[in-house]
Structures are given as structure tokens and as C-alpha cells.
Amino acid sequence: MSTAIHRRVERLRAGEDPTFIERMACGWAVMGEQQFLIGYCLLLPDPVVANLNALASDARLAFLADMAALGDAVLAATGAARINYAILGNVDPALHAHVVPRYATEPEATRTAHPWAYDWSRAPRFDPEAQAALVGAIRARLGRS
């Protein structure tokens with residue numbers, strides 16, 4: 001099966017994905033292609049598997065640890081109020097985790113709603129040049145440069 005997650009991991013392996021943040025123990029940390037909230041990231045496993053339950057116990061723990069480490073880095077780099085985490089796989093049936101910074105300054109109507117309450121079609125696209133400092137800050141907080 002080839003999903004958007006499979007294709008994105010292939011681009012990452014080839015060094016062709018401008019959203020790349022860092023190679024992690026379990027896979028790849030990347031910026032979201034749409035920045036409906038600034039600092040929105042994903043964690044993609046490598047190799048790609050169908051879901052969290054498809055991973056062996058040690059790989060599962062590594063994925064979850066990397067997800068939390070990415071969340072810690074995004075929280076520190078953005079000054080967000082908190083981080084939301086989501087592992088769904090309903091649209092793209094391949095494991096991936098959403099790491100979503102949430103801000104006290106969000107509009108009242110969406111501040112406490114789930115991230116999919118936003119209109120993602122109107123969200124700005126990730127801009128590697130404009131967000132280079134943020135990507136650098138996340139990398140630095142992951143303990144790599």
C-alpha cells in the first residue's frame with residue numbers, strides 16, 4: 001500500500017522534503033505542510049507501518065518517546081500553552097503522530113476545540129525560509145544541530 005505517509009518518507013529518505021526537522025530514533029520529525037497553528041509537526045515512522053499496534057514493544061516505546069520529545073521541543077520553541085497529540089490513521093492508514101502546539105491567543109471559538117475544527121484549507125503552507133528560525137529552535141531543543 002502507498003499512502004501519503006509512505007510517499008513522504010520516501011521523499012525524506014531522498015533528502016527531498018523541505019519540511020524535514022530531524023531524523024529521530026524511530027523515524028522522521030517534520031513540519032506540517034499546512035501550518036494551521038504555527039509549529040504544527042508530525043512524526044513519521046521509518047519503516048512505515050499500518051498503526052501503533054503493528055510495532056514490536058520496543059519500537060512502539062521508541063515511537064511514543066520520540067513523539068513526546070518532539071512535543072517537548074515544540075512546546076519550548078513556540079512558547080505554546082500546551083501540546084495536543086493525535087494518532088488517528090483514518091485518512092492515511094499508516095502510523096503517524098500529529099504534534100500540535102496550542103496557544104492562549106487562539107480565537108475563543110477554536111481555543112478548546114480539537115485541531116480539526118480549524119479550516120486547514122485556509123491555513124498557510126509551510127515556508128522553509130520564513131520558518132527557518134523555528135525549525136532551528138526545534139532542532140536545538142531536540143539536542144541536535
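**A pocket and its aromatic neighbours**

Let's start with what surrounds the largest pocket: its lining is made up of eight nonpolar residues, six polar ones and four charged ones. Keep in mind that this is a predicted model. The pocket holds about 470 Å³ of space, and 18 residues line it. If you want to find its centre, look for Tyr40, Asp92, His96, His98 and Trp120, the lining residues that lie nearest to that point. Helix H1 (residues 4-13) gives the largest share of the lining, with four residues.

Now for the rings. Searching the whole structure turns up six aromatic pairs. In one of them, the ring centres of Phe36 and Tyr118 are 5.6 Å apart and the planes meet at 55°, so this pair counts as tilted. Phe36 sits in the loop between strand E2 (27-31) and strand E3 (41-45), while Tyr118 sits in the loop between helix H3 (108-111) and helix H4 (132-141), so the pair ties together parts that are 82 residues apart in sequence. Phe36 is buried, at 10% relative accessibility, and Tyr118 is buried too, at 16%.

Another pair, Trp116 with Trp120, is stacked: the centres are 5.8 Å apart, with 20° between the planes. How exposed are Trp116 and Trp120? Trp116 is partly exposed, with a relative accessible area of 34%, whereas Trp120 is buried at 18%, because the cut-off for buried is under 20%.

One last stop is Arg23, which lies over the face of Trp28, 4.6 Å from the ring centre.

Note on methods:
Residues numbered from 1 in each chain as written. Predicted model: local features only at pLDDT ≥ 70, side-chain atom pairs only at ≥ 80, totals over all residues. Heavy atoms only, no water. 1 Å grid on protein atoms, 1.4 Å probe; cavity = no way out; pocket = protein on both sides within 12 Å on 5 of 7 lines; lining within 4 Å. Points joined across faces, edges and corners; volume = space filled by probe spheres on them. Helix = DSSP H or I, 4+ residues; strand = E, 2+ residues; numbered from the N terminus. Nonpolar A, V, L, I, M, F, W, Y, C, P; charged D, E, K, R; others polar. Phe/Tyr/Trp six-rings, centres within 6.5 Å; stacked < 30°, edge-to-face > 60°. Buried < 20%, exposed > 50% of the residue type's maximum accessible area, 1.4 Å probe, protein only. Lys NZ or Arg CZ within 6 Å of the ring centre and 35° of its normal.
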